[in-house]
Amino acid sequence: MRKTALITGASKGIGRELAILFAKQGYDLVLIARSKELLVGLSKKLDKQYGVAVTVIEKDLTNLEAPEEIWEELKGREVDVLVNNAGFGDYKEFAHSEWEKQYFMIQLNITALMHMTRLFLPAMVERGEGKILNLASTAAFLPGPNMSVYYATKAAVLSFSQAVSREVRKSNVTVTALCPGPTSTNFENAAGLVNSKLFHSLKVTSARKVAVYGYKALMRGKTVAVEGLSNKLLVLGAKLAPRGLVLTMIDQIQSKLREGKPADK
Ligand SMILES: NC(=O)c1ccc[n+]([C@@H]2O[C@H](COP(=O)([O-])OP(=O)(O)OC[C@H]3O[C@@H](n4cnc5c(N)ncnc54)[C@H](OP(=O)(O)O)[C@@H]3O)[C@@H](O)[C@H]2O)c1
């Protein structure tokens with residue numbers, strides 16, 4: 001019997017690349033996002049190219065009930081790999097940010113990810129087999145002025161993944177936190193980052209490269225997987241340097257491109 005991988009945020013970017021990789025390896029897929037047309041287009045391509053069965057679920061994961069609805073729709077179908085990838089950021093000083101957007105970000109990046117894990121993990125533990133990949137970020141290791149909520153959500157994803165990974169270590173189930181740095185996807189646009197120094201100061205990686213690295217780390221059962229040498233060095237530096245210095249450095253990187261000032265007020 002073929003294995004099944006469920007991927008949230010599979011319509012674009014890293015999630016889409018992961019879907020292609022899993023299909024190549026012969027996994028049947030459950031693909032979730034809001035853009036149904038993009039998911040259907042991808043499912044047709046993967047079915048034609050790799051002969052895998054793809055279930056498309058159009059869902060807004062900022063809705064509290066969404067994970068439970070997905071669970072119901074799958075009617076106890078075995079999920080071998082859960083990829084909690086859907087997420088977004090917002091480039092804005094917190095005092096001037098739109099609260100609703102921050103709330104939905106927390107809902108998607110943290111609540112939905114934890115709820116999906118809570119729903120699908122028990123059956124994996126019972127079977128003594130299963131893998132979970134959670135999309136964190138190098139942001140998880142840092143405080144992020146002008147993207148404070150986003151950085152904090154990724155810190156939560158990292159902490160949660162490490163803790164649950166330890167809880168299930170005797171069950172042969174693994175939990176991996178994938179931590180990419182700046183990656184060329186729709187993320188930059190969606191977060192309003194085009195005018196920030198972030199994607200200009202740090203090395204930008206392709207979504208394909210991040211997905212390949214994440215897939216391999218997941219298969220090896222790695223708990224924390226930081227993609228790329230420069231990101232590994234950044235994370236190491238953040239661990240060794242005084243927090244105040246790290247904060248000043250990230251403040252610089254997160255400032256506006258032209259004026260070198262904080263994000264729009
Ligand atoms: N790109 C980077 O620089 C970077 C770096 C580190 C970590 N990450 C993380 O990597 C993950 C993937 O991001 P990406 O870079 O691939 O960005 P992306 O190209 O913008 O893709 C985001 C995916 O999440 C889905 N999504 C967004 N809001 C959703 C919602 N409310 N409900 C369901 N799905 C939703 C999007 O689909 P729809 O719009 O169709 O719903 C899309 O498939 C995120 O968790 C992000 O935080 C990204």
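A: Asn146 sits in the loop between strand 5 (130-135) and helix 5 (148-167). Helices (H or I, at least four residues) and strands (E, at least two) are DSSP runs, numbered from the N terminus. The model is predicted: local features need pLDDT of at least 70, side-chain atom pairs count only at pLDDT 80 or more, and totals for chains, interfaces and linings use all residues. Residues are numbered from 1 along each chain as its sequence is written, and side-chain values use heavy atoms, with hydrogens and water left out.

Is Asn146 buried or exposed? Asn146 is buried, because its relative accessible area is 7%. Buried means under 20%, exposed over 50%, and partly exposed in between (1.4 Å probe, protein chains only). The Asn146 side chain makes a polar contact with the backbone oxygen of Gln254 at 3.4 Å. Such a contact is a pair of N or O atoms within 3.5 Å; within protein, one must be able to donate a hydrogen and the other to accept it, and residues adjacent in sequence count only if both atoms are side-chain atoms.

Ser196 touches Gln254, along with Tyr91, Ser255, Lys256 and Leu257, leaving aside residues up to four places away in sequence. Touching here is contact, meaning heavy atoms within 4.5 Å. Ser196 belongs to the loop between helix 6 (187-190) and helix 7 (198-201). Its relative accessible area is 0%, so Ser196 counts as buried. The Ser196 side chain also reaches the backbone nitrogen of Leu198, at 3.0 Å. Phe88 lies 108 residues from Ser196 along the chain, and their C-alpha atoms are 16 Å apart.

Now the charged pairs. The whole structure holds 6 salt bridges. A salt bridge is a side-chain nitrogen of Lys or Arg within 4 Å of a carboxyl oxygen of Asp or Glu. One of them joins Asp90 and Lys101, with the closest N and O atoms 3.3 Å apart. Asp90 is in the loop between strand 4 (81-84) and helix 4, and Lys101 is in helix 4, so the pair ties together parts 11 residues apart in sequence. Asp90 is buried at 9% relative accessibility. Lys101 is partly exposed at 27%.

A second bridge pairs Arg208 with Glu17 at 2.6 Å, N to O. This pair links distant parts of the chain, 191 residues apart: Arg208 in helix 8 (residues 207-220) and Glu17 in helix 1 (residues 13-24). Arg208 is partly exposed at 39%, while Glu17 is buried at 15%.

Helix 4 (residues 99-127) also holds Phe104. Phe104 is partly exposed, because its relative accessibility is 31%. With Phe94, Trp99 and Tyr103, Phe104 makes a nonpolar surface patch of about 420 Å². Patches use residues with over 30% relative accessible area and no salt bridge; like charges are joined within 9 Å, nonpolar side chains (Val, Leu, Ile, Met, Phe, Trp, Tyr) within 5 Å. Areas come from the Shrake-Rupley method with a 1.4 Å probe; for residues, only the protein chains shown count as cover.

Finally, confidence. Average pLDDT (the predictor's confidence in each residue, from 0 to 100) is 95, and 97% of the residues score at least 70. Over residues 260-265 pLDDT stays under 50; the model gives that stretch 17 contacts beyond four places in sequence. Where pLDDT is low, the predicted coordinates should not be read in detail.
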